[in-house]
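Here's a quick briefing to read alongside the structure. Have a look at the fold, then run through the points below.

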Amino acid sequence: MSTELLSGVLGEDEAAGGPPVALIDLLDRLLNGGAVLTGDLVLSIADVDLVHINLRAVIRSVTGEEPAPW
Amino acid sequence: MTTPSHVPAGVPAAAGDELTYVYAVGRDGPALRAVAPRLAGADGGPVRVIGADGLGALVSTVPADAFGESGLATQLEDLARLEAIARAHHSVIDAAFGEAPPILPMRLATVYLDDARVGAVLTRRHVHFRELLDRLENHVELGVKVYADPRAVVGTASVAATGTPAGQTPGAGAGRAYLRQRRAQQRGGRAAHRAAAEVAGRVAEVAGGVAVSRAVHRPQQGQLATHSGVNVANEAYLVPVEHADRLRQGWHALAEDEPRVSVEVTGPWAPYSFTVSAEAPEGGGNP
């Protein structure tokens with residue numbers, strides 16, 4: 001794959017070895033944004049929203065919200 | 001309760017073994033047709049174009065056991081799989097956005113039973129999709145996040161609190177020092193949050209007259225949050241591409257002289273946060 005093509009596909013930052021897109025920014029957009037289509041979808045979007053909530057709960061439970069200061 | 005281990009995995013789905021995953025919809029044409037064959041889909045398979053009524057959907061064929069209703073739900077609950085699918089989904093959209101804009105990105109996990117059903121959606125919605133693509137043409141999405149960073153002040157308080165004041169027993173001194181430090185932390189935290197809220201309030205102001213649309217995301221927190229500060233605002237703006245750099249600079253300038261606040265700008269993104277109206281006329285529900 002040529003450098004020119006790579007920069008076209010990845011954007012300047014990634015082609016230059018910069019940080020990849022943060023997963024959390026991606027999930028903001030892919031789970032809350034993006035066009036929602038109807039008709040014969042295998043999974044209803046309501047289920048995806050549920051997944052989102054579950055995932056956040058899991059993530060919070062892993063880290064804990066209040067690290068003890070002492 | 002035991003689960004029999006000899007039951008074969010991948011019980012055949014009623015509608016067939018394969019499904020069609022949709023990444024984005026654009027205008028069917030040479031640019032879209034050229035970018036598709038170079039891309040890999042959510043399952044690593046080749047991306048292709050389904051065309052109908054002048055529109056093209058970027059799709060790939062995925063196995064029904066992993067991307068059917070239960071398979072998909074299982075995958076999305078697994079953070080590593082979720083990340084793999086999200087990144088694959090994004091890489092298809094990002095490439096198409098770069099080389100064949102305008103592009104209408106689909107939400108994660110937009111999976112149809114077969115190609116014919118995807119074509120039927122394009123046909124049924126083609127007027128609306130076309131309007132949306134026209135509106136998105138020459139526009140990019142920028143993300144902007146504002147963080148409060150209480151540590152910028154706490155640092156000073158910790159130094160002041162390390163010594164035991166003269167004439168006090170070490171125990172009592174340590175207790176008072178701790179309380180002093182705690183109060184200073186709280187004051188610092190409140191001041192940082194106030195300063196961040198003020199900056200956040202000016203984010204939209206700076207974008208005014210340039211951005212054509214605004215979307216508000218939930219503030220980021222938890223394990224996946226990448227910044228050490230507290231995220232107080234997480235917004236996205238749809239911006240004409242020629243104004244994107246200037247707006248980025250304007251947002252960064254907001255917190256230049258404020259050490260307790262930082263501003264992070266992401267993008268340009270495909271217009272993920274500005275596709276909600278794709279179903280509005282038909283669905284009528286809230287976004």
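Predicted model: local features only at pLDDT ≥ 70, side-chain atom pairs only at ≥ 80, totals over all residues.

For the complex, the predictor reports an ipTM of 0.82 and a pTM of 0.78.

**Make-up of chain B**
- Chain B has 10 helices and 9 strands.
- Of its 287 residues, 40% are buried.

**The nonpolar core**
- The largest nonpolar core counts 85 residues, and the members touching the most others are B:A24, B:L58, B:V92 and B:A96.
- Helix α4 of chain B (residues 79-99) is the top contributor to this core, giving 9 residues.
- Both domain 1 (18-137) and domain 2 (141-274) of chain B supply this core with at least three residues each.
- What does B:A96 touch, leaving aside residues up to four places away in sequence? Its partners are B:A24, B:G26, B:L32, B:V35, B:L58 and B:I103.

- The average pLDDT of chain B is 85, and 84% of the residues score at least 70.
- Residues 1-14 of chain B have pLDDT below 50, and this stretch makes 4 contacts in the model beyond near neighbours in sequence.
- Residues 278-287 of chain B are also below 50 in pLDDT, with 11 contacts beyond near neighbours in sequence.

Methods:
Residues numbered from 1 in each chain as written. Chains lettered and ligands numbered in written order. pLDDT = per-residue confidence, 0-100. Contact = placed C-beta atoms within 7 Å. Core = buried A, V, L, I, M, F, W, Y, C linked by C-beta atoms within 7 Å. Buried ≥ 20, exposed ≤ 12 C-beta atoms within 10 Å, placed from the backbone. Helix = DSSP H or I, 4+ residues; strand = E, 2+ residues; numbered from the N terminus. Domains from an automatic or database assignment.
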